[in-house]
Amino acid sequence: MSPCQRLLSFVKHRSLWTHVHRNVTTWSPVGAAFNARPTRRVDLFEKSVGLFGVPELNCPAGFQAATRTALKDTELLVQKTCSCLPGAETVESFDQLSDGLCKVADLADFVKVAHPDPAFREAAEKTCVEIGTVVEKLNTNVELCRSLKDLLDDPDIVAQLDPDTRRVAELFMFDFEISGIHLDDKLRKEAVALHVKLLDLSNEFLVGSHMPNRIARSVIPEHLHLHFANEGSFIQVSGLHADTPDDLVREIAYRIYLYPNADLLKCLEELLKCRYKMAKLVGYESFAHRALKGTMAKTPETVMSFLQMLTDKLSDRTAQDFKMMSDMKKKLNPRNSELMPWDHPFLSGVLRAERYNIEPSLYSPYLSLGACMEGLNNLFSQLYGVSLMSEHPSAGELWSEDVRKLAVVHEKEGLLGYIYCDFFQRSEKPHQDCHFTIRGGRWCRKTGQYQLPVVVLMLSLPHPTKSAPTLLTPGMMENLFHEMGHAMHSMLGRTRYQHVTGTRCATDFAEVPSILMEYFATDYRVISQFARHYETGQPLPESMVSRLCESKKVCGAADIQLQIFYAVLDQIYHGKPQNHSTTEILKEMQQKFYGLPYTSNTAWQLRFSHLIGYGAKYYSYLMSRAVASMVWRQCFVQDPLNRDMGERYRREMLAHGGAKEPMLMVEGMLQRRPSIEDFVDALVSELNPNFETFIMDSES
């Protein structure tokens, strides 16, 4: 029996594990795997298979070997692509080119930030730079571009292409165009130089945006020193301390952490100038116009219309939220009652807790990591016929002993791919929750098989203890569901080309599957299937889930308005030059789109690291949430476990990756084309009390 057949047999008979009456210590295999402490397997005779099963990567030097192989294959493929007659095979060759480089570069992108061994991180960083340089050369390779242009310029050939192949060809051509391929030699060289400069500036800004600031210990009252890290005669501030009850600690952290760094300000100004210059060079009005091509929004004008309309619709509620926060601050600190930016996160949390008693420690015992993974497993089984199967990794396959490997198996289609779960805290690991594509899915004509996708989910959860498994707060549980939404987007897509696999789609669509999972994570019909007290086995009371859902609406308008402010700032920075400093623009936009006063001698934009990866696209979180809200209300709110609707969601939205225009996927799911007004109304209506009940009653 093949490994795939064994997995299918296990899925078929999984009821033997999960349908027994569960007592406190009974878990399905996936639940048990995540609630157990990791055990070290020692086999002196087992040969290392290398990271992710890549044989070369059993040591840091292997990156150099893997890079050499990829670059050698690239040369041969470039020759083949340039010499073949235009047709579908041309697009397949381009995708094969992209796949060969991405398989090494994407893996290196992950290793350089997550591997505990600095030698591996350094080797991975070198690989990223080397392959990035080659990609830039390919994007300005005139002969390579001509082979694709000959195809797209021939209407007879284009007519014979299937829709996916045509779209992928157009996407590859877009990559050429934004690199300046159509320019003369002099301007093309200028475009390449600008791109290299942008890579350096982006890296410099990213590093600087996370660096702590420090101040002389003598300046800070001695009784507050314990809140910050000591560095000799200095106090180091590495964050905003937004949840700290002490007003003065929050203010000190805000003023010091956001104090302007002259070099970083210069870096950001230069970065934005270079982005604008690059966009103009290749024929766009601004960097935002270039960045938004192919998205749901399509233009900066549409984005600004969306953000302005949302601001207008929320204005009364936002004012009410700030009034509630202001009253709470007067109550807590009558001598210093002016509402300031450092108060918003803390006071909104206080108001939620006061109204609904949602102390995380009350929920955590019901949300062990194993229970949550069982919940995800049950949800995916009911919606898609998919199971998560815990697998024993081979020697050398993992970068840390506490990483878990999951096989994703469909009841009929078999093995869909692998998810590596890097869930636990460790030193030098980034404190961020994210999804990494290690290998994209694609159809391989040479082997006659589908190349299975491989992804990593990275969280920062506490380790289990001797007396208890890892216990999640509601926020951690929602983040887990969110990131698993990205993973299932990668797993359930079956795109022919890896260039558009899974999450390789428009940014304002890519967050829809992950945000939609947050709705499942807060629906009692879903939660009741897995949330059990890890000691007593008692279910999480429905009233506690209701309180949690209602608490999210407290200060919800102000929270959305803060995101609008960030999104507007991002748009203005990436629009046409304003002849104002980034700080002056921030001050003006904060007054217009947020409302709480700007604090002198601060530069929040220098901590806005999303400007790098999400340049001109920060609005995507809001627009994706609007789409997810509409999908949830129209398709899942009446029955979140409906298999027919799950299959439709996979068919219309998940299966295509980026191979279909995003708005067409939304239209296919909703059976209508939503307008910007629909998006705004979806976000605003979520703030109504008992919103879901209202929707269910009105649609039944």
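Which residues in H5 meet Leu144, Ser147, Leu148 and Leu151 in H7? In this predicted model, local features need pLDDT of at least 70 and side-chain atom pairs count only at pLDDT 80 or more, while totals for chains, interfaces and linings use all residues. Residues are numbered from 1 along each chain as its sequence is written, and side-chain values use heavy atoms, with hydrogens and water left out.

The residues on the H5 side are Thr90, Val91, Phe94 and Leu97, where contact means heavy atoms within 4.5 Å. By class, this contact has six nonpolar, two polar and no charged residues; Ala, Val, Leu, Ile, Met, Phe, Trp, Tyr, Cys and Pro count as nonpolar, Asp, Glu, Lys and Arg as charged, and the others, Gly among them, as polar. Helix H5 (residues 88-114) packs with H7 at an angle of about 145°, their axes lying 10 Å apart. Axes here are lines fitted to C-alpha atoms, for helices over the stretch in contact, and angles run from 0 to 180 degrees between N-to-C directions. Helices (H or I, at least four residues) and strands (E, at least two) are DSSP runs, numbered from the N terminus.

H7 (residues 142-152) also packs with helix H4 (residues 62-83), at an angle of about 45° and with the axes 8 Å apart. On the H4 side, Val78, Thr81 and Cys82 make the contact, and on the H7 side Glu143, Leu144 and Ser147. These residues divide into three nonpolar, two polar and one charged.

Turning to the sheet, five strands form an open arrangement in the order E4-E5-E6-E10-E7, with mixed pairing; two strands pair if DSSP finds at least two bridges between them. Strands E4 (386-391) and E7 (434-439) stand at the edges with a single partner strand each, so one side of each has no neighbour in the sheet. From one strand to the next, the twist averages 30°. E4 pairs with strand E5 (residues 404-410) in the antiparallel sense over six bridges, and Glu391 stands opposite Lys405 in E5. Helix H17 (residues 369-384) packs on this sheet, touching E4, E5, E6 (414-424) and E10 (454-461).

Most residues other than glycine have a negative phi. Asn579, however, has a positive phi near 60° and sits in the loop between helices H23 (556-573) and H24 (582-593). Asn579 is exposed, with a relative accessible area of 77%; exposed means over 50% (1.4 Å probe, protein chains only). Gln671 has a phi near 65°, also positive, and is exposed at 59% relative accessibility.

Definitions and conventions:
Buried means under 20% relative accessible area, exposed over 50%, partly exposed in between (1.4 Å probe, protein chains only).
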